[in-house]
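User: Please walk me through what is shown below, one step at a time.

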Amino acid sequence: MLTLALVQHFIVSRLLIFHASPDIMAIFIAFVSMSIGQRTGTTFGFAAGLIGGLLTGNVGLSALIGTVEGFSAGFFHVPEESHATSVKKRRMFYAASTVALILGNMLLATLHNPLSLPAYVRLPQMVGLGTIMSMVLGTLMYNFVLKKLLKD
Amino acid sequence: MLSLFRFIAKHTAYLYFLLYCGISILLMQLQRKETLDAIRERGLAINASVATQLSNFTGILNLRQDNEQLLLQNARLFSQVMRQQAELRDAKETQAAVANAPAWARQFKIARVVDRRFSATDNMLVIDSGASQGITKDMTVLTPDGLVGRVMEVSQNYAKVLPVINNDFMVSVVSDSSRTLGLLSWQNGDERIAHMEHVPVSSNLKVGEQVTTSDFSTFAIRGIPVGRVVRISKDKLFCNIDIRLAVDFASLSYVLISPAKPSREKIEIMGADPGRKGQ
């Protein structure tokens, strides 16, 4: 979790396009929540948000976003005993990640606007562009790393 | 109740979610500077309020001690005020004595009457100038109003003055209009009235004439006012003359000491003893 937070803060968050950057923490929170469960995902999101917030300086906001991401992704939980196929799992991962990213970015755009950009600029930037960029990165992460962690 | 527990156990994720959201919002609020400032201000207000209450309580306990300290301080301030008032009064009187003195009297030394002995026969004054201030025996003591007496004894910082209103005091005087000479002395009685002796019945002295010290005095220079003639009654050979003294000894607080003296050569050639009674 700490490694992910460091990578996010020092590397990924610098990939800025129109003030929006990918969020691998959200991807990972969604993955944990989807694979393990909503309760664990919520706790994991809260903890990850706290650590990320310590690095950025917005502890409360990061924790809130992490909690919301973990909780919302938990609705797409795939239990182990369900014997779901990898396709279903992939689908659920994408859904969980998308929902978590949209909600997380909406919260971030609403509650944290350091440049005082108007809402019609800030929301599309964060929710649209940020989610797309994160999903691209999430797809890569899933195919190369996360997929191997899931049992068929 | 059991169903409630089942519901809670089933929806723990929601509880976690609410709990974490609450903590996160609390952290967000704490991070805001205004919130911290408000908490700090509130804390300061509570702290000040508690401190005030404690201070009031200890103030009541220490009331007796505070009162005693205040009384002491009051006494100190009162003594300071008294001293400053006395100094101010002295300064004013000194200024008044100097201002009222004639031009020839400006070179005189100023002294304060620090003690006086009253009796029917032996009045005596003590002034706060002595040998250190250049005072010597037989100097003339006066005020701008007139003659006070002569210096009899001198210590380092004080001098004893034999006033006009002493049985042992005599001075040679002369009237200003008729130039009648006489010897002024004081007997027991009214301290404002002295007597002029050795004035023959043939003299032209009139009531109201001013008398001053004459050239015949062995300690006083001539011309110092002594008093004014208020009553003349004729005897067989001499007149009985009452002189109202120019100086009010009852309110005497500052005096001048004249450094000028009659010529010693004149006194020697007359064979007079400067220390003898009278003159």
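Analyst: Gladly! Two residues touch, or are in contact, if their C-beta atoms, placed from the backbone, lie within 7 Å. This is a predicted model, in which local features need pLDDT of at least 70 and side-chain atom pairs count only at pLDDT 80 or more, while totals for chains, interfaces and linings use all residues. Residues are numbered from 1 along each chain as its sequence is written, and chains are lettered from A and ligands numbered from 1 in the order in which they are written.

User: How many helices and strands does chain A have?

Analyst: Helices (H or I, at least four residues) and strands (E, at least two) are DSSP runs, numbered from the N terminus. Read from the N terminus on, the elements of chain A run α-α-α-α-α-α. The count for chain A is therefore six helices and zero strands.

User: And how many helices and strands does chain B have?

Analyst: Chain B has 279 residues. Its secondary structure comes to five helices and 12 strands.

User: What percentage of chain A is buried?

Analyst: A residue is buried if 20 or more other C-beta atoms lie within 10 Å of its own, exposed if 12 or fewer, and partly exposed in between. In chain B, buried residues make up 27% of the 279 residues. In chain A, which has 152 residues, the buried share is 44%.

User: Among contacts with a separation of 6 or more in chain A, what percentage joins residues 24 or more positions apart?

Analyst: For chain B, residues 24 or more positions apart account for 58% of the contacts with a separation of 6 or more. For chain A, the corresponding figure is 66%.

User: How are α1 and α2 of chain A oriented to each other?

Analyst: Axes are lines fitted to C-alpha atoms, for helices over the stretch in contact, and angles run from 0 to 180 degrees between N-to-C directions. Helix α1(A) (residues 2–10) and helix α2(A) (residues 24–35) pack at an angle of about 150°, with their axes 9 Å apart. On the side of α1(A), A:L4, A:A5, A:V7 and A:Q8 meet A:I24, A:M25 and A:F28 of α2(A). Angles over 145 degrees count as roughly antiparallel, so α1(A) and α2(A) are roughly antiparallel.

User: How many nonpolar, polar and charged residues are in the contact of α4(A) with α5(A)?

Analyst: The axes of α4(A) and α5(A) (residues 86–111) come within 8 Å and cross at roughly 155°, which makes this pair roughly antiparallel too. Among the residues that meet here are A:L61, A:L64 and A:V68 from α4(A), and A:V99, A:L103 and A:L107 from α5(A). Ala, Val, Leu, Ile, Met, Phe, Trp, Tyr, Cys and Pro count as nonpolar, Asp, Glu, Lys and Arg as charged, and the others, Gly among them, as polar. By these classes, the contact of α4(A) with α5(A) has 12 nonpolar, two polar and one charged residues.

User: Which element gives the most to the side of chain A that touches chain B?

Analyst: The contact takes 13 residues from chain A and 12 residues from chain B. In chain A, α3 (38–56) and α4 (59–73) each supply at least two residues of that side. By class, the side of chain A that touches chain B has six nonpolar, six polar and one charged residues. With seven residues, the element that gives the most is α4(A).

User: Is B:H198 buried or exposed?

Analyst: Most residues other than glycine have a negative phi. B:H198 has a positive one, near 60°, and is found in the loop between β8 (193–197) and β9 (210–213) of chain B. With 12 C-beta neighbours inside 10 Å, B:H198 counts as exposed.

User: What is the phi of B:D138?

Analyst: B:D138 sits in the loop between β2 (124–127) and β3 (140–142) of chain B. It is partly exposed, with 16 other C-beta atoms within 10 Å. Its phi is positive, in a residue other than glycine, with a value near 70°.

Key:
Parallel < 35°, antiparallel > 145°, perpendicular 65-115°, else oblique.
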